[in-house]
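Please consult the sequence and the structure shown here while reading.

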Amino acid sequence: MKEFDYAAPVNLTDAAVLLAQYGARALAGGTDIIVQIRENRRDAGLVVDLKNVAELNVLSFDAKKGLILGAAVPCYRVAEHPEIRKHYPGLVDAISIIGGVQIQSRASVGGNLCNASPAADSIPALIALVASAVIATASGKRETVPVENFCTGPGRSILGPGAVLVHLHLPPPAPNSGSAYLRFIPRNEMDIAVVGVGVALTLNDKRTACVSARIALGAVAPTPLFVPEAGAALAGSPLADADIERAAALAQAAAKPISDMRGSADYRKHLVGVLVKRALRIAIERAKGG
Amino acid sequence: MTTLANGFKVIGTRPIRHDGVDKVTGRAIYGADMQMAGLLHGRILRSPIPHGIIKSIDVSKALALPGVEAIVTSAELTDPGNRIAELGEGAVNLKDLSSNCLARGKVHYKGQAVAAVAAVSPNIAEEALKLIVVDYQTLPHVTDVRAAMRDDAPLLHDDQVTESLGQPTGKHSNIAKHIQFKKGDIDEGFKQAAVVVEREFHTATVHQGYIEPHNATALWNADGTVTIWCSTQGAFSVRAQVAELLAMPVSRIKVVPTEIGGGFGGKIRVYLEPVAAALSKKTGKPVKITMNRADVFEATGPTPGSYIKVKMGADKDGKLVAAQAYLAYEAGAFPGSPIGPGAMCIFACYDIPNVHIDGYDVVVNKPATSAYRAPGATNAAFASETIVDELCEKLKIDPLDFRIKNGAREGTRRADGPIFPLVGLVETLEVAKRHSHFLSERQGDKETRRQGDEKMGSSPCLLVSLSHPLLPRGRGVASGFWFNCGLKSSASASVNSDGTVSLVEGSTDIGGSRTGIAMQLAEALGIRADEVRPVVGDTDAVGYCDVTGGSRVTFATGWAAYEAAQDIKRQMITRAAFIWSVTSEEVAYENGSLRCLVDDTKRLTFKELAEKLHATGGTIVGRASVDPQGVGGAFATHIVDVEVDSDTGKVTILRYTAVQDVGKAIHPSYVEGQIQGGAVQGIGWALNEEYFYNDQGTMANASFLDYRMPTSLDLPMIEAVLVEVANPGHPYGVRGVGEVPIVPPPAAIANAIYNAIGIRMEELPMSPGRVMAKLLAKKRA
Amino acid sequence: MPKKIHVETTINGKPMEFLCEPRQSLLEVLRDEARLTGSKEGCNNGNCGACNVILDGRLVNSCLVLGPEVQGKTVTTIEGIASAQGLHPLQQKFLEHAALQCGICTPGFIVAAKALLEKNPKPSEEQVRHWLAGNLCRCTGYDKIIRAVLDAASVGA
């Protein structure tokens with residue numbers, strides 16, 4: 001690997017100053033950035049280890065305020081948190097399949113977002129769950145950005161020099177809601193998503209119809225893709241087969257996949273339809289209390 | 001010791017392997033673990049282009065980097081000229097071997113080694129690579145076998161002329177060689193056929209996938225000798241190759257094999273050893289070079305991608321009457337694909353009166369291929385066993401019955417000439433027929449469905465069972481053959497005063513073989529397996545041993561141990577006779593003891609006599625060197641159940657049974673292990689493993705992320721059924737077992753997929769995208 | 001030459017200190033500085049598990065941890081699995097079941113299995129397979145490894 005310096009700040013102010021330096025890179029779990037530096041896909045003159053900054057390690061759920069998920073919190077803490085498992089199952093679906101156990105011990109959800117891979121597993125789930133990203137800019141101001149606007153291109157995000165993702169905020173779950181994330185990979189683990197689908201929906205009190213729904217796709221566009229029209233088509237519907245088919249078709253139409261070694265564009269489009277239907281069915285089951 | 005039901009005392013038991021404790025505690029020294037004073041670290045600069053001429057190499061900036069001590073190019077390797085040498089497992093073109101270690105004049109694949117740096121740390125060596133300036137003239141490249149065979153294809157080697165049926169044709173071509181096997185009259189044969197099936201198949205390049213990358217540490221001693229530590233399948237082969245590439249006599253080279261982390265055929269040819277030696281010569285210090293995973297994929301020896309066309313015909317009673325095959329194998333950058341073995345194996349399971357096989361060895365701009373477990377046979381079996389399945393379907397004959405009817409037996413002549421001795425194909429078929437897997441309800445039987453649903457229900461996002469109806473399931477079978485090798489082995493064994501025996505043999509141990517060899521010595525002497533201390537010796541410590549490959553070690557090196565034991569027994573008899581003042585003819589050796597035939601009170605156990613050796617003339621050393629001829633080929637029949645997700649094309653292996661004729665299982669656990677490991681490699685080959693090449697002739701997936709080998713979550717238990725048809729050509733009936741397990745899986749899985757969804761897969765791997773494309777095409781049709 | 005960082009950590013229960021460049025991974029540090037060569041490099045990008053260690057109680061790929069990151073932390077490697085009294089039951093079961101052939105992946109699997117049994121002492125076959133999916137073995141087909149881990153669990157490893 002090329003040389004770099006290492007710093008481990010203990011507060012956000014110091015972290016911001018370090019990250020504003022030319023060639024500085026944030027390090028949380030390291031499962032992406034270390035590989036990228038090693039393979040000369042990303043440059044780093046200074047690696048800033050954020051794991052000792054307390055504010056970035058907060059993980060707290062409040063039934064009224066929702067979930068604060070610190071940027072440096074590793075996946076395993078999210079997966080093992082009983083309230084998160086109960087209220088945000090789609091998020092748990094997603095982060096439980098990022099790599100394997102070893103990766104989840106280290107990789108952070110915040111890092112998964114900041115790495116901004118179009119195929120990132122957590123991002124479609126976060127989008128479906130109306131997550132927003134709270135950022136500390138270089139000057140110390142706080143900004144809140146809906147996760148669907150966070151990634152700007154493959155590997156690129158809205159984070160400017162010296163900016164730090166502080167935490168993700170997910171709103172408190174409504175009653176009769178359910179979420180799910182499904183991914184298609186050729187093996188059963190360890191693969192990058194060929195297609196990923198995150199869905200979240202809320203049913204009416206009688207659980208006979210959908211009140212609102214959000215569908216987001218991964219690996220079928222330069223960034224994870226929020227498809228508002230697909231979720232909107234479900235709102236007010238009884239979630240019959242025809243409704244689910246329509247939502248899947250809208251999601252397929254919005255998908256703009258490329259052909260690469262992980263899958264052809266046609267195949268990916270096809271999988272969007274399949275996974276949206278399957279994910280919706282799981283989310284519905286969960287919303288009904290199943 | 002008790003005699004077992006099989007008549008043996010040690011053979012057939014399952015002792016703990018002698019090197020086991022070191023391996024489960026992390027103490028075993030593999031090549032990359034080598035450490036020594038003053039060690040420098042080497043790294044290789046590799047070609048970024050798939051085909052080109054090297055116009056110049058400027059190392060000046062790299063040499064100036066602090067911490068860099070030497071740089072070598074092909075100038076430091078001897079130019080051997082276009083010479084062929086016999087190096088232990090077939091003939092090798094030394095010019096190609098040398099150029100493959102450090103490119104001379106041209107590069108023929110992306111990743112080919114061009115220069116090497118030795119520095120004080122691996123990171124500095126890597127940094128130095130970036131400072132070496134190589135000027136290439138890029139040439140057009142070709143990475144597909146059929147494209148390479150065309151008259152207008154870019155030629156890799158201007159001086160290469162096709163050799164056809166052993167004769168030069170004068171035609172410049174990427175086709176290095178054309179071979180042919182003929183038996184009977186193929187046209188007449190097809191006339192007798194009631195059913196004929198013909199298909200074309202394509203298989204992608206796949207890699208052996210050993211977890212340990214290549215490594216070599218070399219120390220050029222002040223006296224001009226060189227010591228090399230490396231993970232290799234053949235220390236003596238490394239010695240011979242390095243001798244040629246550095247123009248040194250073998251006596252000035254010592255190769256010390258470290259433990260080896262997998263080989264499967266890919267660690268026989270040298271890549272790093274001569275380069276490390278050259279760097280050590282220049283620096284006067286030991287130099288260690290290791291490959292990284294991308295290097296392993298791009299610049300070692302994967303197995304060929306191929307194009308195969310097969311046509312087979314059977315009469316109305318299901319008797320095969322004719323078989324024809326056209327096989328074109330990608331050799332990679334230099335000639336030498338396993339087209340020969342592939343062509344010899346493709347119909348080897350069957351007794352067919354009329355056969356015609358054409359095989360082509362074709363160079364393409366990919367790394368030069370190496371052996372991969374039954375090299376050439378898996379590609380071939382994918383084609384022929386699929387066709388056989390289709391014949392069975394059209395004739396409405398059970399696929400196992402068809403194979404029994406047509407199966408090769410003692411006396412069957414293969415298309416390439418040899419007549420089979422006693423072999424066990426039919427036995428494996430009959431065992432498969434009676435096996436509970438084959439007899440179980442074919443689709444959706446309660447127990448397999450319950451297990452399948454449990455499997456899918458445990459992961460939060462594999463909740464597919466909640467969201468869709470039952471998926472189609474199917475069963476397939478396939479058989480396979482591999483020759484196995486004999487070749488040469490040596491062993492020496494000395495009796496210790498405590499009754500144990502120290503055994504030195506030269507077969508590097510990839511899978512527990514030192515224990516199987518020790519067990520054969522123990523059986524022969526009538527002592528326990530743990531009373532033998534086996535050691536894998538270096539090239540100065542033990543007599544010549546051919547490579548660990550060809551499924552030969554338990555057979556041939558075991559035989560050497562057996563003969564060394566006979567030598568010990570003879571000497572023990574002589575010694576006892578001396579002690580008892582009788583003649584040797586009056587001493588018997590039975591059950592690990594010596595008995596005086598003329599005085600029944602005179603008995604000594606092996607241990608008791610061992611204690612007396614020092615005082616009666618000194619220790620006893622037995623030795624042997626063998627080149628055994630009685631090799632038995634190996635046959636296997638596999639059964640697989642799959643589930644196909646018809647919405648995604650993903651194939652899941654539900655159940656797998658591998659039935660194999662293993663001759664005599666010396667250590668059944670390690671025989672089972674060979675079968676299970678080979679079958680799983682075959683499963684990976686069948687489902688997801690392939691080299692993806694982009695337009696720039698570069699492998700796009702040179703990483704375990706996207707070169708997808710099966711994980712534990714992708715597989716069920718693999719049931720290995722050992723059928724013992726003892727090989728009459730070996731003192732203990734041993735047959736090589738390691739290679740044939742990789743031959744049937746792709747065909748068996750293809751046949752199971754057909755049984756599930758009615759689609760014949762003609763391309764490997766049968767990845768989800770390919771299966772889905774065929775499913776959608778079928779739906780539209 | 002890059003400036004080295006002084007790191008104090010605990011490896012296999014013993015306090016240890018070393019100097020390392022920031023770019024040296026924990027795997028490099030273990031092998032080259034601490035001379036603990038039991039952890040292996042198979043891929044260097046987190047896809048094979050041959051480098052597995054336990055870091056502050058969590059199973060990790062040491063190739064994806066930088067040397068300086070273990071300051072003040074505890075690391076358990078394969079060398080720390082056996083005790084002075086003898087092999088850990090996992091190691092013993094691996095030997096009894098012939099759950100290794102070439103052995104290069106074995107340290108990673110044993111460390112990974114230990115981490116599993118610490119978290120879930122009685123896993124099902126499916127849970128074992130799921131946990132070990134990040135460890136590649138090319139020799140065994142996993143069958144005997146899974147059996148060894150289940151057997152070790154049954155004897156209370």
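## Selected features of the model

Helix H1 (residues 12–19) of chain A has Ala15(A), Ala16(A), Leu18(A) and Leu19(A) as buried residues. A residue is buried if 20 or more other C-beta atoms lie within 10 Å of its own, exposed if 12 or fewer, and partly exposed in between, with C-beta atoms placed from the backbone. Helices (H or I, at least four residues) and strands (E, at least two) are DSSP runs, numbered from the N terminus.

The model is predicted: local features need pLDDT of at least 70 and side-chain atom pairs count only at pLDDT 80 or more, while totals for chains, interfaces and linings use all residues. Residues are numbered from 1 along each chain as its sequence is written, and chains are lettered from A and ligands numbered from 1 in the order in which they are written.

In chain B, an open sheet of 3 strands has the order E6-E2-E8, with antiparallel pairing. Two strands pair if DSSP finds at least two bridges between them. Strand E6 (106–107) and strand E8 (133–138) each have a single partner strand, so one side of each is left without a neighbour in the sheet. Strand E2 (residues 52–58) is joined to E8(B) by 6 bridges, and Ile54(B) stands opposite Tyr136(B) in E8(B).

Gln180(B) lies in strand E11 (residues 175–183) of chain B. This residue counts as partly exposed because it has 14 C-beta neighbours inside 10 Å. The C-alpha atoms of Gln180(B) and Tyr360(B) are separated by 8.9 Å, although the two are 180 residues apart along the chain.

Two residues are in contact if their C-beta atoms, placed from the backbone, lie within 7 Å. The table gives the number of residues from each chain.

| Chain | Residues in the contact |
|---|---|
| chain B | 49 residues |
| chain C | 47 residues |

Helix H20 (668–687) of chain B is among the helices that each supply at least two residues of the side touching chain C. The largest share of that side, 8 residues, comes from H20(B).
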